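Please examine the sequence and the structure shown below before reading the report.

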Amino acid sequence: KDAVVQKGPALAAEGAYFKKGDAGSFLPGTNYYESTRGEIMWFRPDVSRICADLRSMGECGVAYLRPHYHHLKWFKDYLEFQHLELPPYFKSLENVTSAMPDEHAWRMMDVFIYLCQKHGIIYGGDLFTLVPEEMGDPRGWFPLLEALVSDDKREAGKQFFRAVNERYKNVPGIAWDLWNEMGHDHGIESE
């Protein structure tokens, strides 16, 4: 329902503060994995549970939701690294080679954004599992600077961000967490 998506909360930054709609606002929020399945929500979701979780959060005053996005290649890389093969439950991931979302992943992002709009919650998508592209392999977690300085890793991120922007460019109330817990102690200066 386009009308639901378009009524979502408008988010802006004014100085050092957020503005939600026309008023300054603190954004009480939470990280999110579906309450009974955790990160598996991106692989085999229980949409009715996600609906119930977000309805409950909206009723309790949650104003910002930060779901951790895990692309299917993340699961494949992580599980192959940990178990040296895919466990039977994940065998359908054998041929996954791209970190870009397939239609299933886009539809799941649509579900989150739609439900956030419906319940007046800012969707603050957390994309740190996409950049670097091979983030599912735990060896990719250690050279954190690689995502910022390696052109081949940056290109995958740019491709993803362009696709996200194109898909949701007309939807209000969306924020993106482009880097997880980025701090000044990494010795990185912004461009």
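Predicted model: local features only at pLDDT ≥ 70, side-chain atom pairs only at ≥ 80, totals over all residues.

## Strands and a crossover

Strand β4 (residues 29-32) and strand β5 (residues 64-67) run parallel and are joined by four bridges. One of the residues involved is Gly 29, whose bridge partner in β5 is Tyr 64. Together with helix α2 (residues 47-59), strands β4 and β5 make a β-α-β unit, and this unit is right-handed.

## Aromatic rings

The structure contains 14 aromatic pairs. In one of them, the ring centres of Tyr 32 and Phe 112 are 5.8 Å apart and the ring planes stand at 75°, so this pair is edge-to-face. Because Tyr 32 belongs to strand β4 and Phe 112 to helix α4 (residues 103-118), the pair ties together parts that are 80 residues apart in sequence. Both Tyr 32 and Phe 112 are buried. A stacked arrangement is found for Trp 74 and Tyr 78, because their ring planes are at 10°, with the centres 5.3 Å apart. Trp 74 and Tyr 78 are four residues apart in helix α3 (residues 72-83), which means that about one helical turn separates them. Trp 74 counts as buried at 9% relative accessibility, whereas Tyr 78 is partly exposed at 25%.

Tyr 32 and Phe 112 also belong to one aromatic cluster, whose members include Trp 42, Tyr 69 and Trp 106. Elsewhere, an aromatic ring meets a charge: the charged end of Arg 44 sits over the ring of Tyr 89, 4.2 Å from its centre.

## Salt bridges

The count of salt bridges comes to six. In helix α2, Arg 49 and Asp 53 are four residues apart, so about one helical turn lies between them. Their salt bridge has its closest N and O atoms 3.2 Å apart. Arg 49 is partly exposed, with 30% relative accessibility, while Asp 53 is buried, with a relative accessible area of 8%.

A network of salt bridges links Glu 103, Arg 107, Asp 110 and Arg 167. Within it, Arg 107 and Glu 103 meet at 2.7 Å, N to O. Arg 107 counts as exposed at 52% relative accessibility, and Glu 103 is partly exposed at 43%. Asp 110 forms a salt bridge with Arg 167, where the closest N and O atoms are 2.7 Å apart. Since Asp 110 lies in helix α4 and Arg 167 in helix α6 (residues 151-168), this pair ties together parts that are 57 residues apart in sequence. Asp 110 is partly exposed at 22%, and Arg 167 is partly exposed at 33%.

How values were computed
Residues numbered from 1 in each chain as written. Heavy atoms only, no water. Pairing = 2+ DSSP bridges. Helix = DSSP H or I, 4+ residues; strand = E, 2+ residues; numbered from the N terminus. Right-handed = clockwise from strand over helix to strand, strands pointing away. Phe/Tyr/Trp six-rings, centres within 6.5 Å; stacked < 30°, edge-to-face > 60°. Buried < 20%, exposed > 50% of the residue type's maximum accessible area, 1.4 Å probe, protein only. Lys NZ or Arg CZ within 6 Å of the ring centre and 35° of its normal. Salt bridge = Lys/Arg side-chain N within 4 Å of Asp/Glu carboxyl O.
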